Amino acid sequence: MIEAGDLTTYKPKVIVFSYTEELDQFATSRFVEQMTAKPHSVLTLPTGSTPKGMYDLLVKLRRAQDADFNGLTIYNLDEYWPIKRDHPSSYTQYMRENFINHVNVRNDRWHIPNGEARDANDEAAYYEDLLCQSGRVDLAIIGIGPGTTCHIGFNERGSSIESRTRYMPLDEQTRQVNSRFFRDPNEIPSGTITQGVANILEAKSILLLAKGESKAWGINQTLNGPIGPEFPSSYLRYHPDVTVAIDQAAAGLLSR
Ligand code: GLP
């Protein structure tokens, strides 16, 4: 965990996979290892296309081997705001459809910001309180935004290392890319509620997943660029236990 004023930098462990399936399997194994070592783990989890393969494998494990998710406490990274919880493109619905409805995570131990909340700032404060009550997150599995956004959660460019759960307007680039998830692209909400950079960095261990060429610039910047608010994912280099698991396309700009 980063102590105030401690800006020691570390080299994340980078693993490049030739096949998407291998990456999904790796993420799944890391999840299961954590859950086995500590059944009452607190996890931060992502949404998006990248972790979908991991959720599919976890659901298969539940069906085939009766994997036990009952002890876990889960905090999602983010949610759009405003959005109805059962909107097909909400992250709440994504989690239900891809994971929660198929495993035995306890409903009272799965948390995600409420996109229906009347006041986004109040909801962010409530979520921050909940998150803090659970103690330190054991493992945060996160993705990275597309193009030059370098966002983690929805911490867009300009986010500070001290940022905590809050309302965040969508970056124009993110809006354009993520509108593909909405039936009518104009339906994409104007904002989000996201865990802050500080919340993510407080996890004991962080696993960053990235797939595809659209992530190559961001991954290179995360690992080799300047560290600062213009590249929020670069803050991960202040954390001593980060693994970056990526496919070859996302590794495309890393020097060999
Ligand atoms: C959204 C989420 C991020 C996620 C990113 C990547 O923008 N807020 O938390 O990392 O999507 O999405 P995908 O995996 O679809 O590329």
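Author: This is a predicted model. Of the 256 residues of the protein chain, 55% count as buried; a residue is called buried when its relative accessible area is under 20%.

Reader: Why is the pair D171 and R157 called a salt bridge?

Author: The closest N and O atoms of D171 and R157 are 3.1 Å apart. The term requires a side-chain nitrogen of Lys or Arg within 4 Å of a carboxyl oxygen of Asp or Glu, so the pair qualifies. The pair links distant parts of the chain: D171 is in the loop between β7 (166–169) and α5 (172–178), and R157 is in the loop between β6 (139–142) and β7, 14 residues apart.

Reader: Why is D171 called buried?

Author: The relative accessible area of D171 is 12%. Buried means under 20%, so D171 is buried. R157 has 32% relative accessibility, which lies between the 20% and 50% limits, and therefore counts as partly exposed.

Reader: How do you know that R175 and E172 are separated by about one helical turn?

Author: R175 and E172 are 3 residues apart in helix α5, and therefore about one helical turn separates them. Their side chains meet in a salt bridge, at 3.7 Å from N to O. R175, at 24% relative accessibility, counts as partly exposed, and E172, at 46%, also counts as partly exposed.

Reader: Why does D66 count as exposed?

Author: D66 has 53% relative accessibility, and exposed means over 50%, so D66 counts as exposed. The side chain of D66 meets that of R62 in a salt bridge of 3.3 Å, N to O. R62 is partly exposed, because its relative accessible area of 22% falls between the two limits.

Reader: How many salt bridges does a search of the whole structure find?

Author: The search finds 11 salt bridges. The protein chain has 26 positive and 32 negative side chains, and the centres of the two sets lie 3 Å apart.

Conventions
Residues numbered from 1 in each chain as written. Predicted model: local features only at pLDDT ≥ 70, side-chain atom pairs only at ≥ 80, totals over all residues. Heavy atoms only, no water. Buried < 20%, exposed > 50% of the residue type's maximum accessible area, 1.4 Å probe, protein only. Lys, Arg positive; Asp, Glu negative; His and termini not counted. Charge placed at Lys NZ, Arg CZ, Asp CG, Glu CD. Helix = DSSP H or I, 4+ residues; strand = E, 2+ residues; numbered from the N terminus.
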